[in-house]
Amino acid sequence: MPRNEFRTLDLFAGVGGIRIGFENAGFKTVFANDNNKICKLTYDLNFEEPKLLVKDVWKIYIKNIPDFDVLLAGFPCQAFSIAGNQIGFKDEKTGGNLFFKIAQILMIKKPQAFMLENVKNLKSHYKGNTFNMIKNTLEKLGYHIKAEVLNSMTHGNIPQNRERIFIIGFLDKEKAEAFEFPDEIPLT
């Protein structure tokens, strides 16, 4: 399938940073959601369609989400961050439990692939048990995953030290094996 035929779901969309990268690569966004109404002002100025749906993701009926090929989600990180409270999945106040809504969507919609993004500390949070729970959950859903911590300074030509974990998953094992994270690029 040509890239310009891949449809994406943009969850926890913020102002659309992840969407921009995928659309620049030829993907088409079919649904966007965030719970922050302030984000909508910028998001809707940046993108014509679809407009950002401001709604608690727990209240979205999954079967009403349009079909899509790739789920994109920079899910809330405060519960896992060293700068946050580190309560993890039990932290409903800051969205620590929202990974499980992602898992529900993946289970029901079965997209070909996903890309999740979060803080570097997600990998070591709770002695690695949090990441293992995420990994095991995704694998039980039939996905083959790869995960790596990347830094915006070494991978994005941005003069900011911002380390984030990227978790990529594919239903097709061969596609997962063929996927490679980008090489470092010089900061100019």
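A147 stands opposite I167 in strand β7, and β6 and β7 pair in the antiparallel sense over eight bridges. Two strands are said to pair if DSSP finds at least two bridges between them. This is a predicted model, in which local features need pLDDT of at least 70 and side-chain atom pairs count only at pLDDT 80 or more, while totals for chains, interfaces and linings use all residues. Residues are numbered from 1 along each chain as its sequence is written, and side-chain values use heavy atoms, with hydrogens and water left out. Helices (H or I, at least four residues) and strands (E, at least two) are DSSP runs, numbered from the N terminus.

**The sheet as a whole**

- Seven strands form an open sheet with mixed pairing, and their order is β3-β2-β1-β4-β5-β7-β6.
- β3 (53-54) and β6 (144-151) stand at the edges with a single partner strand each, so one side of each has no neighbour in the sheet.
- A handy reminder for reading any strand: in a regular strand the side chains alternate between the two faces of the sheet.

**Strand β7 and its other partner**

- Strand β7 spans residues 163-170 and is mostly covered, with six of its eight residues buried; buried means under 20% relative accessible area, exposed means over 50%, and partly exposed is in between (1.4 Å probe, protein chains only).
- Besides its pairing with β6, β7 pairs with β5 in the antiparallel sense over seven bridges.
- Within β7, G169 is the bridge partner of F114.

**Strand β1 and its neighbours**

- Four of the five residues of strand β1 (residues 7-11) are buried, so the rest of the structure largely encloses this strand.
- With strand β2 (residues 28-34), β1 pairs in the parallel sense over five bridges, and T8 stands opposite T29 in β2.
- With strand β4 (residues 70-73), β1 pairs in the parallel sense over four bridges.
- T8 stands opposite V70 in β4, and L9 has L71 of β4 as its bridge partner.

**Helix α1 against the sheet**

- β1, helix α1 (residues 17-24) and β2 make a right-handed β-α-β unit; right-handed means that, with the strands pointing away from the viewer, the path from the first strand over the helix to the second runs clockwise.
- On the sheet, α1 packs so that it touches β1, β2, β4 and β5 (113-119), and its direction makes about 145 degrees with that of β4.
- Contact here means heavy atoms within 4.5 Å, and axes are lines fitted to C-alpha atoms, for helices over the stretch in contact, with angles running from 0 to 180 degrees between N-to-C directions.
- E23 lies in helix α1 and is partly exposed, with a relative accessible area of 27%.
- Not counting residues up to four places away in sequence, E23 touches T29 and F47.
- E23 and R7 are 16 residues apart in sequence, and their C-alpha atoms are 9.7 Å apart in space.

**Helices α3 and α4**

- Two packed helices are described by the angle between their axes and the distance between the axes.
- The axes of helix α3 (residues 99-109) and helix α4 (residues 129-140) come within 10 Å and cross at roughly 10 degrees.
- α3 and α4 are therefore roughly parallel to each other, where angles under 35 degrees count as roughly parallel, over 145 as roughly antiparallel, 65 to 115 as roughly perpendicular and the rest as oblique.
- On the α3 side the contact is made by F99, A103 and L106, and on the α4 side by I134, T137 and L138.
- These contact residues divide into five nonpolar, one polar and no charged; Ala, Val, Leu, Ile, Met, Phe, Trp, Tyr, Cys and Pro count as nonpolar, Asp, Glu, Lys and Arg as charged, and the others, Gly among them, as polar.
- The buried residues of α3 are F99, K101, I102, A103, I105, L106 and K109, and what covers them includes β1, β4, β5 and α4.

**Backbone points to check by eye**

- Most residues other than glycine have a negative phi, and most peptide bonds are trans.
- The peptide bond from E49 to P50 is cis, with omega near -10 degrees, and P50 is found in the loop between α2 (37-46) and β3.
- Y126, in the loop between β5 and α4, has a positive phi near 50 degrees and counts as exposed at 60% relative accessibility.
- K127 lies in the loop between β5 and α4, has a positive phi near 55 degrees and counts as exposed at 82% relative accessibility.
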